[in-house]
Amino acid sequence: MNHQAYLDSAAATRAERMAWWHEARFGMFVHWGLYAQLGRHEWVMNRERIPVAEYAQLAATWKPKERPARDWARLAKEAGMQYMVLTTKHHEGFCLWDTAQTDYNAVRQGPGRDLVAEYVDACHEFGLRVGFYYSLMDWHHPDGARCAQDEAARRRFLDFTQGCVRELCTKYGQLDVLWYDVSWPLRSPEAWESHEMNAMARELQPGIIINNRSQLDEDFGTPEEHINAADEGRAWEACMTFNGSWGYMPSAIDWHSGRRVVQMLQEVSAGQGNLLLNIGPKPDGAVPEEAYPRLEAVGRWVSANGEAMFGQVDRVHGRMEWLPTGSWTLKGHTGYYWCQRWPGHTLAIGGLQTPVRRISYLATGAEIAFEQSESRLVLRGLPAANPDPEVGITVLKFEFDGEPRQRLGAGCVLLD
């Protein structure tokens with residue numbers, strides 16, 4: 001298959017392959033590897049210039065507890081997440097599965113077992129879709145850097161890389177997401193043989209979706225540590241750390257609140273994107289304690305308000321305006337107003353151009369009285385304080401007579 005034929009084939013099946021992902025909205029990223037033992041960020045080997053031989057000694061001392069992936073998957077499910085993505089090999093080069101490509105793996109070193117298999121089992125137990133992260137960059141492999149200058153090294157390194165991807169696509173049943181990272185040091189998809197490698201993955205896993213980090217656009221984009229909607233028609237997923245570090249780092253104490261996570265869910269939903277929120281487990285695989293109360297609160301909120309984000313949503317940009325008290329998500333003739341700054345007993349919304357038939361609290365279904373004029377809608381009889389008990393964001397469900405539209409601008413309504 002030539003490159004254009006591959007791209008055409010992937011595009012032809014994209015809508016079907018991506019259907020579940022577009023409705024899932026929320027996933028868990030898990031960064032776990034040897035670096036967790038040092039607790040100084042997942043780039044510690046590179047940033048501290050730890051020699052390869054010295055760093056590799058961590059492989060023998062890593063002793064995770066029994067089946068920690070069940071804790072991750074249980075928490076993901078409780079938080080309202082629909083899928084997970086695990087770092088099967090990060091930049092450090094240590095493989096978490098039983099690979100024939102290298103002895104530098106979890107089965108033949110300290111853990112003594114296949115950690116990827118345990119993760120897949122946990123995803124299946126809790127009904128979550130399965131994603132594998134794979135770093136193309138490799139600081140441990142002897143050809144990981146010199147492949148850019150030496151053709152024989154490039155061939156050896158690509159044989160290793162393609163062998164790893166083939167194993168990941170054949171050993172664990174259905175794989176839903178292949179999430180590449182850092183295509184260094186080769187500078188083109190031709191040099192990486194990305195078309196051929198991804199065609200192999202699709203042949204082995206016909207339903208798989210692939211991200212954009214093998215130097216091909218593939219199925220979805222991956223803005224990192226910021227939420228920025230892609231152009232309309234382009235799928236995207238914001239991958240975000242929980243506390244500023246992907247790997248376990250106990251000194252990283254600036255954890256996002258449950259409220260901030262819900263705000264991120266609004267932002268991605270408004271742009272038809274997804275949120276992949278990371279946890280960096282401890283060396284033994286335990287979830288950091290700080291994650292539990294935050295994600296449990298998010299889960300309770302999502303359980304009551306998930307209608308505003310799950311499923312097929314419409315783009316908000318160009319249809320609705322910003323307001324000081326909150327933000328919108330949209331589905332067909334329904335608008336969901338995520339009220340983040342509660343105004344008290346009365347809430348006024350300007351510029352709605354579509355008649356409103358009914359307004360209610362999404363969490364309870366209780367109807368709210370309102371008056372709508374040509375340029376202003378006023379809700380009255382609201383409680384004095386925000387009624388959401390979890391994160392202080394109450395969703396108001398607006399049922400419109402047609403497609404919701406709002407127009408404001410910089411001016412004000414003039415009195416006669």
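This is a predicted model: local features need pLDDT of at least 70, side-chain atom pairs count only at pLDDT 80 or more; totals for chains, interfaces and linings use all residues.

User: Which residues have the most contacts inside the largest nonpolar core?

Analyst: They are M28, W72, M84, Y119, L277 and W338, in a core of 94 residues. A nonpolar core here is a set of buried Ala, Val, Leu, Ile, Met, Phe, Trp, Tyr and Cys residues joined through side-chain atoms within 4.5 Å, and buried means under 20% relative accessible area, with exposed over 50% and partly exposed in between, using a 1.4 Å probe and protein chains only. There is also a second, separate core of 22 residues, which includes V316, L377, L396 and F400.

User: And what does M28 touch?

Analyst: Not counting residues up to four places away in sequence, M28 touches a list that includes W72, L75, A76, M84, L277 and L295, where contact means heavy atoms within 4.5 Å.

User: Which residues of α5 are buried?

Analyst: In α5, residues 69–78, the buried ones are A69, D71, W72, A73, L75 and A76. Helices (H or I, at least four residues) and strands (E, at least two) are DSSP runs, numbered from the N terminus. The buried residues of α5 pack against β1 (26–30), β2 (83–89), α6 (115–125), β7 (274–279) and α11 (291–305), and just after the helix G80 takes a positive phi of about 90°.

User: How do the axes of α5 and α11 cross?

Analyst: The two axes come within 8 Å and cross at roughly 40°, which makes α5 oblique to α11. The axes are lines fitted to C-alpha atoms, for helices over the stretch in contact, with angles running from 0 to 180 degrees between N-to-C directions; angles under 35 degrees count as roughly parallel, over 145 as roughly antiparallel, 65 to 115 as roughly perpendicular and the rest as oblique. On the α5 side the contact is made by D71, L75 and E78, and on the α11 side by Y292, L295, E296 and G299.

User: Switching to aromatics, how many pairs are there in the whole structure?

Analyst: A search of the whole structure finds 21 aromatic pairs. Rings of Phe, Tyr and Trp (its six-membered ring) pair if their centres lie within 6.5 Å, and planes under 30 degrees apart count as stacked, over 60 as edge-to-face and the rest as tilted. One of them is the edge-to-face pair of W32 and W62, at 4.8 Å centre to centre with 70° between the planes. W32 is in the loop between β1 and α2 (44–47) and W62 in the loop between α4 (58–61) and α5, 30 residues apart, and both are buried.

User: What about Y133 and W179, are they stacked or edge-to-face?

Analyst: Y133 and W179 are stacked, with 5.9 Å centre to centre and 20° between the planes. Y133 lies in strand β3 (residues 129–135) and W179 in strand β4 (residues 177–181), so this pair ties together parts that are 46 residues apart in sequence. Y133 counts as buried at 0% relative accessibility, as does W179 at 1%.

User: Which residues touch H90?

Analyst: Leaving out residues up to four places away in sequence, H90 touches H31, Y35, E42, W43, Y133, S135 and M137. H90 is found in the loop between β2 and α6 and is buried, with a relative accessible area of 3%.

User: Now the backbone: where is the cis peptide bond?

Analyst: A cis peptide bond joins W184 and P185, with omega of about 15°, and P185 is in the loop between β4 and α8 (189–192).

User: Is E193 buried or exposed, and what is its phi?

Analyst: E193 is buried, with a relative accessible area of 15%, and its phi is near 55°, a positive value in a residue other than glycine. E193 lies in the loop between α8 and α9 (194–204). H41 also has a positive phi, near 90°, but at 23% relative accessibility H41 counts as partly exposed.

Key:
Residues are numbered from 1 along each chain as its sequence is written. Side-chain values use heavy atoms; hydrogens and water are left out.
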